[in-house]
Amino acid sequence: MGGVIPLQGVGIQYKMKEEILRIIKKERNISGEELGKRLGISRSAVWKHINGLRKMGYVIDSCPRKGYSLVSTPDLLIPEEINQGLKTNRLGKEIIYFKETSSTQEIAKKLALDGKGEGGVIIAESQRSGRGRMGRSWYSPPGYGIYFSLILRPHITPSDAIKIPLVTSIAVASAIREITSLNACIKWPNDIMVNNKKTGGILVESASEMDIINYMIVGIGVNINTPDELIPGELKEIATSLYIESGRRYHRIRLFQEILKELEINYEEFLNNGFNKLRTKWMELSNTIGMRVIINTPGEPPFEGLAQEIDIEGALIVALPDGSIKRVISGDVSLRHMN
Ligand code: BTN
């Protein structure tokens, strides 16, 4: 697994760095001796951890009489930072961080096959071959967005599993609304839109045996602080970022934490009580219901209709021009805006 920053898994070393950060964030100056005492380690062990943190991008001053003080924190999605302020019980309890990787989906899949449990997250600053739905790619430049994959192992049937992307889209749109002033909404099935342009996407891949889900990999990508000049020319008409739409930059970790928190709430609602309430929530957040749409569904020529609702199975119900009703389970829609 090239590119992984050492010490980013669970384990004593990693926890110690997190503890040191917690303390030096609170205390403005603290001596190596005092830090060592509080953590039950030697001064030279403290010094080693401080140097490790510096290598990760933390700027930490050390003055002979005053001790250590934190000057700045790197703008990176590192677990040490994410863990401080993550309000979840089961999702994101283990985070594996890459500066760069091929695709977090790939890594998550390998780890899931190796037995990694529910809630594990693989996150990367950038992806060389980020994947999107329907064979598309997902542009993943470093420093501006978040790209991560979450391992789930729900005890549900494959037919229920098709609702997981919808449940996830509720979490992402709600988190964006919470953190920004933007009116994020969902275009069926799970594109995250702001002002009719896509700012986030969700790709769910799963493996099942007989009627049992083995694992699901929920991949989420959001363009957060991406400037206009970094959106590839061919995507400018259809893609955007939270920064482009609001003129404001957002703390990427804060949004990531909010997405995981919302996802945990909605996922638990789904496992405990089914899709009923979530269906209503999805429709409230959707920009698709009540619109004239063109549907691209695999293996069929595109067709037009009026999107009426999603049913309890998560399928889009479309009224066709001849008056008949069609249930669409997979595909993509484009909205027809009437002037
Ligand atoms: C879409 O086409 O809308 C889905 C895009 C999903 C992108 C995310 S980024 C993190 C994860 N890793 C990938 O390669 N894809 C997903």
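Of the 20 residues around the ligand, which come nearest? They are Ser103, Gln127, Arg131, Arg133 and Lys198. This is a predicted model, where local features need pLDDT of at least 70, side-chain atom pairs count only at pLDDT 80 or more, and totals for chains, interfaces and linings use all residues. Residues are numbered from 1 along each chain as its sequence is written, and side-chain values use heavy atoms, with hydrogens and water left out.

View 1. A polar contact is a pair of N or O atoms within 3.5 Å. The side chain of Ser103 places an N or O atom 2.7 Å from a ligand oxygen. Arg133 uses its backbone: a polar atom there is 2.7 Å from an oxygen of the ligand. For Lys198, a polar side-chain atom is 2.6 Å from a ligand oxygen. The ligand taken alone exposes 410 Å², and the protein buries 99% of that (Shrake-Rupley method, 1.4 Å probe).

**View 2. The shell around the ligand.** Helix H5 (104-113) and strands E5 (145-152), E8 (197-209) and E9 (212-223) each give two or more residues to this shell. Helices (at least four residues) and strands (at least two) are DSSP runs, numbered from the N terminus. E8 gives the most, four residues. By class, the shell has six nonpolar, 10 polar and four charged residues. Ala, Val, Leu, Ile, Met, Phe, Trp, Tyr, Cys and Pro count as nonpolar, Asp, Glu, Lys and Arg as charged, and the others, Gly among them, as polar.

**View 3. The largest pocket.** A pocket is an open set of points on a 1 Å grid over the protein atoms alone, where a 1.4 Å probe fits, with protein on both sides within 12 Å along at least five of seven lines; lining residues have an atom within 4 Å of a point. The ligand sits in the largest pocket (more than half of its atoms lie within 2 Å of the grid points). The space there is about 840 Å³. Of its 42 lining residues, Trp138, Asp191, Lys198, Ile238 and Ala239 are closest to the centre. E8 supplies the largest share of the lining, five residues.

**View 4. The second largest pocket.** The volume is about 420 Å³, the space filled by probe spheres set on the points. The lining has 21 residues; nearest the centre lie Arg133, Pro165, Pro189, Ile329 and Ser330. Helix H7 (164-179) and E8 each supply at least two. This lining divides into 14 nonpolar, five polar and two charged residues.

Definitions and conventions. Near = heavy atom within 4 Å. Polar contact = N/O pair within 3.5 Å; in protein donor to acceptor, adjacent residues only side chain to side chain.
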